[in-house]
Amino acid sequence: MSDFAVEISHLTYRVKRAFALEDLSLRIPTGSIYGFLGPNGSGKTTTIRLVLGLLRPESGGITVLGHAIPAEAPAALAGVGYVPEAPHLDPTLTVSEAIWFHSHFYPTWDAAWAGRLVRDFELDPRRLFGKLSKGQKGKLMMLLALAQRPRLLVLDEPTDGLDPVVRRDMLSALLDYVSAHEATVFISSHLIHELERICDWVGVMDNGRLVADVEMERFKTGMKRLKVSKCPRDLTPLPFRVLTRTPLNGNGGETWLVRDWAPEMAAALTAAGGEIQEVIDLDLEEGFVELLRSFRTRRPEAADV
């Protein structure tokens, strides 16, 4: 088994002049829950559609579960459960009929677990899909993805617009499945705090480029705001990355936004002639916002990934 469930290498895709993915490379470790963050229009859904073979790249390579996309898409998709951003089922099918229809495409379908999820999600088997609430539609789409027992789950904003109770039920079922079957999850969302609770890896997209690709814990603990005096001119010896520098109160000091910080690195800054006045923690949302802000103020080719 490969160490990576999804591998994207130097991918380019353009939508006329309106939008482009440029030289995108990304790897999703097998068995991980990979959170895909980014503002609307950043390229998250486009990337997911390319991974599923729904779009064709201009250049670069994609491998899903060991199969090249799009050439070997049918073999890859046999092991993939997908929840799209917008539900796409026939509105005239009942919940029961939608489940029956879907089950015939997957030899790995688990009818017993599908029945359990119908009960756990409190879905009425006789109700038409077109008559379901948004939350009920989301639950049914998650059920269809889980009951096929996939090795990889691709979820595009699966809980967008749902109330907290529905989100909790869906994510609980997802985590139960991942725990029991060691599946890989690729989940796109703009609900940052939701991903913080469940993901062990995070990728951040902005304007078609991958801004960050890092373990979640490292992202959370490594993003800091430092107040520095006696700032050194040469930052190259420092073991962390300085994303932005802002003058501090006109006293010669600066506020730095840094990545990959660890407490023991203070000694390296002192050795370079600087002094740390304060280290300020950032939560995931603050780190995400500051990362995007720093990325947008620099040339795109200078992005740290």
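## Exercises on aromatic rings

Tyr34 is buried, and Phe36 is buried as well. Keep in mind that this is a predicted model. Let's work through some exercises together.

**Exercise 1.** Find out whether the pair of Tyr34 and Phe36 is stacked, tilted or edge-to-face.

*Solution.* Start with the distance: the ring centres of Tyr34 and Phe36 are 6.5 Å apart. Next, take the angle: their planes stand at 55°. Planes under 30 degrees apart count as stacked and those over 60 as edge-to-face, so the pair of Tyr34 and Phe36 is tilted.

**Exercise 2.** Describe the pair that Tyr34 forms with Phe186, and locate both residues in the chain.

*Solution.* Look at the geometry: the centres of Tyr34 and Phe186 are 5.8 Å apart, with 75° between the planes, and the pair is edge-to-face. Now the location: Tyr34 belongs to strand S3 (residues 33-37), while Phe186 belongs to strand S8 (residues 184-188). The two are 152 residues apart, and the pair links distant parts of the chain. Tyr34, Phe36 and Phe186 make up one aromatic cluster.

**Exercise 3.** Which ring does the charged end of Lys137 sit over?

*Solution.* The ring is that of Phe129, and the charged end of Lys137 is 5.4 Å from its centre.

Note on methods
Residues numbered from 1 in each chain as written. Predicted model: local features only at pLDDT ≥ 70, side-chain atom pairs only at ≥ 80, totals over all residues. Heavy atoms only, no water. Phe/Tyr/Trp six-rings, centres within 6.5 Å; stacked < 30°, edge-to-face > 60°. Buried < 20%, exposed > 50% of the residue type's maximum accessible area, 1.4 Å probe, protein only. Helix = DSSP H or I, 4+ residues; strand = E, 2+ residues; numbered from the N terminus. Lys NZ or Arg CZ within 6 Å of the ring centre and 35° of its normal.
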